Structures are given as structure tokens and as C-alpha cells.
Amino acid sequence: MSLLNDDFLLTNDMAKKLFHDHAEKMPIIDFHCHLEPKEIYENKNYDNITQVWINEGNFGDHYKWRLMRANGVKEDLITGDGDDYEKFIAWAKTIEKAFGNPLYEWTHLELRRFFGIDDVFSEKTAPAIWEKANKMLATEDFKPRNLIKRSNVEVVCTTDDPASDLKYHKLLKEEEKENGFKVLPAMRPDAVFNLTSAGYDDYLKQLSAISGKDINSFKDLMAALDQRFDFFETMGGSLSDHGLNFFRFNKASDSEVDAIIKKARNNEDLTETEIDKYQTMVVEELMKLNKKHNWTMQFHMNVIRDANKPMLKAFGSNGGFDSMGTQADIADQFMKLLIDMQSENELPKMILYSLNPNDWLQLASGMGDFQQDGVQKIQLGAAWWFNDTYTGMTNQLTTMAEQSLLSNFVGMLTDSRSFLSYPRHEYFRRVLCNLIGTWAERGQVPEDEELLGKMVEDISYNNAHDYFGFYK
Ligand SMILES: O=C(O)[C@@H](O)[C@H](O)[C@H](O)C(=O)CO
């Protein structure tokens, strides 16, 4: 079978029918990504393929950066100020060794789907690809908004701090009809959650200023966030996202949390218990706000972030120095949260992602304890980050099917920082269709294309359309 031919990953006739006649045509709702609204609004061409593929700064592709480092590429040709062409050649030398890594298929898919280049990308073919791709990047078709449109994307949900003024979302909203797609903010209040981070006090001052709420207590803090929920809603927001790298459930009174906030604002050392108590109460109050506003709450759990401290100092976060977390009882701790909030009838719609697949069965079976008021109120999130692979996707889909109703799943997201990443949805849809096609081949489900085709179309688009409320 030739590389990425029309039927790649589709190993039986039903899989091929499900993908080509049902999944492939469905629009994309990308409900979690890290694209910059400013870049979408300014809509500028990129000077060369290194800028759109490898990039620098906080919005570059750390998936590529990790592989390049593994291949011995010096940092100046990754995130540093090295020559763009040399960076491109360094990436070519890396990708030609990446057989079996999703980036091998993603990279070639992006060359095919956007540039019409179906060469095998290598050091040998890189010079010609550089010339051909850069010529195309200078055209109208390769401006960010057209890359989104060409990918049949209807919704892009960015990741935004509560203290953001959503300036570019407002500007893009005014051009939404002309663009043909929505750019919606998803609130990521990690800066509130991570009270031990430097600048916590300054951040609360920033949040107070933009919300118009004085923040002298825990109740004030939540009132300020409630105002931000209202504001995000004016921009079409109905989604929040929370990085629970580590979590221990430990309740506290308002007065205890007030005292913890005071200590954090004074840069005083906090005990682990104090941190746990603060984070537990903040996440509980955020759950109440999500429920009050009928938003969906995403949890991204079990991550070791910024493991390489010298590089954190030199580069900052999101530099490709994060990895799977190993908190063995994070699902237990999270279940305590769900049990507590269910007893107060305060559970919002939720999507649960863990970077550690060992948590998936616990989360998927646990969410089954709370599936009330609505279709698939709680979802096991798509295979995330290091699990965004053929194996990871197959395992997540299988777990969701075996523990709940895969037919209700809201499907894939790019989670990306590059406008060329939308073929990740195609890759997911191929994995999905092949899995369901295999079930049909094995006699586990009816060999009924109409029935299975509806399931595939729902997971690819219809479920997300109905679940998030983006189209109200
Ligand atoms: O949302 C997250 O926590 C992760 O997606 C994180 O931002 C990571 O850098 C990423 O982009 C993984 O694809």
C-alpha cells in the first residue's frame, strides 16, 4: 500500500465506506486548540514553511521540537534564532527517522492536503519542497483564515485566560459571517488555580481590574470570575478548560481559603494541604459557575510540566518539556470531587482527559455514576497529547465504547498551535471508521452502512454541534 493513499488506515470495505461516504465530508468543530486569535485576525502570510511548521516562541510546535532534540539538533535550530532554511533541513533529517511516530503521517498529510506535495519528505527532497511550499505560502490561499476555511472548519475554540479582553475575538465576531467560521474563547483559569506561581498577586490585581470587582476574599475572587463568564458569553464562549496536573481533594471553609489566598498574595510558603484545600474549593466553585452558565468544563489531568528546569528558565513553558504524569490516585481524588458536587447537584457538563491512559477506565466507569440530565453529560476526552496516536485513539474510542456510548462522543480536537494541523481530524476519523468497520467485519455490530454511517457522522460533527451550544 503506498504512503497515505486514499484508503490508508482503512483495512476493510466497511471502514472505507464509512470514511469516504460519511466521515470525510463532515465539517470540523475544533473545540480545543492553542491558535492565537491575533494571528487569525491579522491574517498575514507566512514568509516560509519553517514559520508555519516549526515556529518560535510560545506558540510553536513542541511536538516537532521534541523529536528534533531527540535527533541531536541544536536548540538554535529549534526554538533559537538559527536560519529558517537550516531549521527546515534539520526537521527533514528528523522526520525521515520518525517512522511509526504520528508526526510522520501528520507531516506528510499536511504536505498533501495543503500543498499538493506527495513526495516522501526527507533531507533529499527538502530543498525542492522548501521552494515549492514557500511559493504557495505567499498566496491568498495560505493566509490563516483561508487555511481554516479550506479545512472545512466551522468552529475554532481558542484557549484564553479569564483576564483576557478578548479583543481579537470581538473583532473576528464582527467578521464571522464573511469568514464563514466562528472563533470562540474557552476560558482557561489556570493562573487562578496555580496559586504558587510567581505573580499570583499581580494576576489577581489584573483580574480585579478587568472584572471591575475588588478581590479581597475567596468570595470576591469567584464573583470576579463570574463576571468573566458573563463577558466570555458575549463573545460566544460556553466552554472552560482546566489543567489539573496534579490533584488532591481536600475541602476547606471560606475563611480557610481567605487565609490561604492572603498568604499566597504575600508570597508566603504554603503547605501541600493549603494548596490542596485552595485548589479543591476553587475547582468546586468553578464547577458551580459552569453549571450556572450551562458551559462544558474540560479537565486535562495528570501532567508533569516543565520537567527540564534549565530550559524552563531559558525558554519558558510549552517548550516541549512536559510529559505524562504518574499520580496513581488522581482518578480517585477526582471521583471524590464528583461525588461531593453531585451531592450538591452542582455537576456541569464535563469532558475528562488524562495524559495517563491508566486513568481512562477509572474515569470512564466513574463518569457513568453521574450521567443524568442530558445526552452524554460527561465524556471521556479524546486521546490527548502523547496519546494522540493510532494506538491511543483506538484505545480511547474502545474504552468510551466499552464503558459508555461511543455514539454520543463529541470526537476529536487538534489541540494545536499550527494552522496546518487540521488533518489530525482526518487521521482520527480514519481510526474511528476502521475501528467500527472492524467491529462489523467481526460480526460485533450490524453490517449496516446507513446505521454505522450515522454514528460516524455524529461523532465527527453532529454530537459536538448539539453538545456545546456554540450555535445557539
Ligand atoms: O491544554 C493542554 O494542557 C495541552 O494541550 C498543552 O497545552 C500542550 O502544550 C499541548 O498543546 C498538547 O497538544
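The residues of the shell around the ligand divide into one nonpolar, four polar and one charged. Here Ala, Val, Leu, Ile, Met, Phe, Trp, Tyr, Cys and Pro count as nonpolar, Asp, Glu, Lys and Arg as charged, and the others, Gly among them, as polar. This is a predicted model: local features need pLDDT of at least 70, side-chain atom pairs count only at pLDDT 80 or more, and totals for chains, interfaces and linings use all residues. Residues are numbered from 1 along each chain as its sequence is written.

**Around the ligand**

- His34, Gly243, His300, Asn318, Trp385 and Asp415 surround the ligand. A residue is near a molecule or strand if its C-beta atom, placed from the backbone, lies within 6 Å of it.
- Asp415 sits in the loop between α19 and α20 (423–441). Helices (H or I, at least four residues) and strands (E, at least two) are DSSP runs, numbered from the N terminus.
- Asp415 is buried, with 20 other C-beta atoms within 10 Å. Buried means that 20 or more other C-beta atoms lie within 10 Å of the residue's own, exposed means 12 or fewer, and partly exposed is in between; C-beta atoms are placed from the backbone.
- Asp415 is not a glycine, yet its phi is positive, at about 60 degrees.

**Strands β4 and β5**

- Strand β4 (residues 239–244) has five of its six residues buried, so the rest of the structure largely encloses it.
- β4 pairs with strand β5 (residues 296–301) in the parallel sense, over six bridges. Two strands pair if DSSP finds at least two bridges between them.
- His242 stands opposite Phe299 in β5.

**Helix α18**

- Trp360, Leu363, Ala364, Gly366 and Met367 are the buried residues of α18. They cover an arc of only 165 degrees around the axis, which puts them on the same side of α18. The arc is that of the directions from the helix axis to the C-beta atoms.
- These buried residues pack against α17 (330–343), β8 (349–354), β9 (378–380) and α19 (390–403).
- Ala364 belongs to this helix, which spans residues 360–367. Ala364 counts as buried because it has 21 C-beta neighbours inside 10 Å.
- Beyond its neighbours within four places in sequence, Ala364 is in contact with Leu380, Thr399, Met400, Gln403 and Ser404. Contact means that the C-beta atoms of two residues, placed from the backbone, lie within 7 Å.
- Ala364 and Ile378 are 14 residues apart along the chain, and their C-alpha atoms are separated by 8.9 Å.

**The nonpolar core**

- The largest nonpolar core has 126 residues. Such a core is a set of buried Ala, Val, Leu, Ile, Met, Phe, Trp, Tyr and Cys residues joined through C-beta atoms within 7 Å.
- Leu18, Val156, Leu352, Leu432, Cys433 and Val456 have the most contacts inside this core.
- Cys433 touches Leu10, Ala15, Leu18, Phe19, Ala23 and Val456, not counting residues up to four places away in sequence.

**Two partly exposed residues**

- Phe229 lies in helix α13 (residues 218–234). Phe229 is partly exposed, with 19 other C-beta atoms within 10 Å.
- Leaving aside neighbours within four places in sequence, Phe229 is in contact with Leu289 and His293. Phe229 and Leu289 are 60 residues apart in sequence but 7.8 Å apart in space, C-alpha to C-alpha.
- Asn294 is found in the loop between α15 (272–293) and β5. Asn294 counts as partly exposed, with 13 C-beta neighbours inside 10 Å.
- Asn294 has a positive phi of about 55 degrees although it is not a glycine.
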